[in-house]
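Keep the model open and follow the topics in turn.

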Amino acid sequence: MSVADAYREALATGRARPDDDQARLVEKLNVLAKTLEARQQTRRSGWFSRFRRNSDGEMPRGLYIHGPVGRGKTMLMDLFFGAVHCAPKRRIHFHAFMQDVHARLAAARQSNGDPLAPVADAIAGDAQLLCLDEFQVTDIADAMILGRLFEALFARGLVLVATSNLAPSELYRDGLNRQLFLPFIALLERQLDIAALAGVTDYRLGRIKAHESFVAPLGPEADRRLREMWDLLTDSAEGETMELDLLGRKLHVPRAAHGCARFTFPELCEKPLGAPDYLAIARTFRTIFVSAIPALGPAKRNEAKRFIILIDTLYDAGCRLVASSAQPPEAIYPAGDHRLEFARTVSRLREMQSASWWGKKIAET
Ligand SMILES: Nc1ncnc2c1ncn2[C@@H]1O[C@H](COP(=O)(O)OP(=O)(O)OP(=O)(O)O)[C@@H](O)[C@H]1O
Ligand SMILES: [Mg+2]
């Protein structure tokens with residue numbers, strides 16, 4: 001089934017409502033899928049070296065899809081990823097990808113020489129098509145490696161498809177040493193078609209129904225509701241403490257039972273935890289309880305950043321979230337350095353409260 005067929009099927013079965021902006025993007029994805037499939041054919045028939053590049057001497061152009069939250073970027077990329085016949089292919093969240101890159105670089109540094117070339121060989125060997133969800137650069141370590149890394153990956157024939165809330169020119173906007181990042185933006189603009197998906201409909205919002213999984217404000221009533229949810233999901237288990245193994249260290253889980261884990265906001269976001277920790281939690285548990293989310297003033301930029309990464313990670317892994325908070329999602333972090341990114345967090349917190357989110361997850365577990 002082609003990408004266009006898969007989209008038509010989603011429309012026909014009512015999984016997706018007709019949307020002109022999406023239809024145009026599907027057309028682009030459909031063309032890219034055909035180009036990739038043709039390249040694969042030529043490689044199979046041994047003409048790889050000759051046909052590796054298109055007639056104009058370029059690699060197949062990847063696609064960078066950007067736009068506001070809930071427009072269907074991830075849905076369409078996943079539809080494309082599922083339909084395209086291209087091997088090997090890999091679909092991964094940007095945070096998880098960068099974590100993998102840094103781990104591979106650290107391992108390659110053990111031997112002499114430039115670690116980048118062997119790492120690029122390995123990544124391009126694992127994927128000729130790389131789909132990265134939620135491209136976002138806020139970390140200087142990521143910013144400084146991306147240019148050389150993708151230069152090397154593109155040289156090895158890898159085609160990138162990415163989704164992001166930001167256009168390439170907006171990435172790492174107020175970042176440290178941004179001038180060193182600019183060549184990477186130029187590289188993206190040269191190698192990829194840049195497509196905005198910025199229709200009027202936030203589909204995530206449309207699905208929301210009141211659900212009791214996000215409780216505000218804090219207080220005895222909120223505590224009681226969280227306790228009730230815990231009892232419901234764990235058959236009233238007391239739970240036990242656990243240590244999750246992370247590269248070279250342990251992550252403490254204060255209470256765990258029946259696929260649920262319970263944390264307080266300070267335990268998760270006021271300590272120096274990061275994407276690897278949250279990923280380990282998301283992979284280990286189906287439902288995460290986060291209690292006592294405070295209002296975050298502009299000075300709490302680190303806490304806000306960690307909370308953004310936490311929610312992105314739980315969302316991407318399809319985890320269920322039960323939370324108690326001093327404020328409703330949109331009032332948690334109204335001002336500060338990360339407030340633009342936080343718009344996505346708000347949107348996700350809302351979707352993660354919806355009956356359909358819970359219904360879907362419950363059906364799977
Ligand atoms: N045309 C559509 N009709 C109905 N539902 C849709 C449509 N497009 C997307 N959706 C649904 O809306 C929700 C949000 O879509 P998706 O996650 O792809 O948005 P996104 O653009 O990636 O958002 P974000 O920037 O937050 O990652 C998903 O549950 C998706 O299945
Ligand atoms: Mg998305």
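Which residues in the largest nonpolar core touch the most other members? They are L268, I281, F307 and I332, in a core of 51 residues. Please keep in mind that this is a predicted model.

**The nonpolar cores**
- Leaving aside residues up to four places away in sequence, I332 touches F214, I293, P294, A295, L296, F307, S325, Q327, F342 and L349.
- There is also a second, separate core, made of 38 residues, with I92, L158, L160 and L171 among them.

**The six-stranded sheet**
- This open sheet has its strands in the order β6-β11-β10-β9-β8-β7, and the pairing is mixed.
- At the edges stand β6 (214–215) and β7 (240–246); each has a single partner strand, so one side of each lacks a neighbour in the sheet.
- Strand β6 runs parallel to its partner β11 (residues 320–325), and two bridges link the pair.
- If you want to find this pairing on screen, look for F214, whose bridge partner in β11 is A323.
- Helix α12 packs on this sheet, where it touches β7, β8 (249–257), β9 (260–264) and β10 (287–293). The direction of α12 makes about 125° with that of β7.

**The α12–α13 packing**
- Two packed helices are described by the angle between their axes and the distance between the axes.
- For α12 (residues 275–284) and α13 (residues 301–316), the angle is about 35° and the axes are 9 Å apart.
- The two helices make a right-handed crossing.
- On the α12 side the contact uses A275, Y278, L279 and A282, and these meet R306, I309, L310, T313 and L314 in α13.
- Sorted by class, this contact holds seven nonpolar residues, one polar and one charged.

**The five-stranded sheet**
- A further open sheet, with parallel pairing, has the strand order β2-β3-β4-β1-β5.
- Its edge strands, β2 (89–93) and β5 (192–196), each pair on one side only.
- From one strand to the next, the twist averages 15°.
- Helix α8 (residues 182–191) lies across β1, β4 (159–164) and β5, and runs at about 90° to β5.

**Strand β1 and its partners**
- Strand β1 (residues 62–66) is joined to β5 by five bridges, and the two run parallel.
- Two places to look along this pair are L63, opposite D193, and H66, opposite A196.
- With β4, β1 also pairs in the parallel sense, here over four bridges; I65 stands opposite T163 in β4.
- How many of the residues of β1 are buried? Five of its five are, so to speak, under cover: the strand is mostly covered.
- In a regular strand the side chains alternate between the two faces of the sheet.
- Both faces of β1 are covered, with G62, Y64 and H66 buried on one side and L63 and I65 buried on the other.

**A closer look at V159**
- V159 belongs to strand β4.
- Why does V159 count as buried? Its relative accessible area is 2%, and buried means under 20%.
- Although V159 and L129 are 30 residues apart along the chain, their C-alpha atoms are separated by 4.9 Å.
- Not counting residues up to four places away in sequence, V159 touches L32, L36, R39, M59, P60, G62, Q128, L129 and L130.

Definitions and conventions
Residues numbered from 1 in each chain as written. Chains lettered and ligands numbered in written order. Predicted model: local features only at pLDDT ≥ 70, side-chain atom pairs only at ≥ 80, totals over all residues. Heavy atoms only, no water. Axes fitted to C-alpha atoms, helices over the stretch in contact; angles between N-to-C directions. Left-handed = near helix turned anticlockwise from the far one by under 90°. Contact = heavy atoms within 4.5 Å. Nonpolar A, V, L, I, M, F, W, Y, C, P; charged D, E, K, R; others polar. Core = buried A, V, L, I, M, F, W, Y, C linked by side-chain atoms within 4.5 Å. Buried < 20%, exposed > 50% of the residue type's maximum accessible area, 1.4 Å probe, protein only. Pairing = 2+ DSSP bridges.
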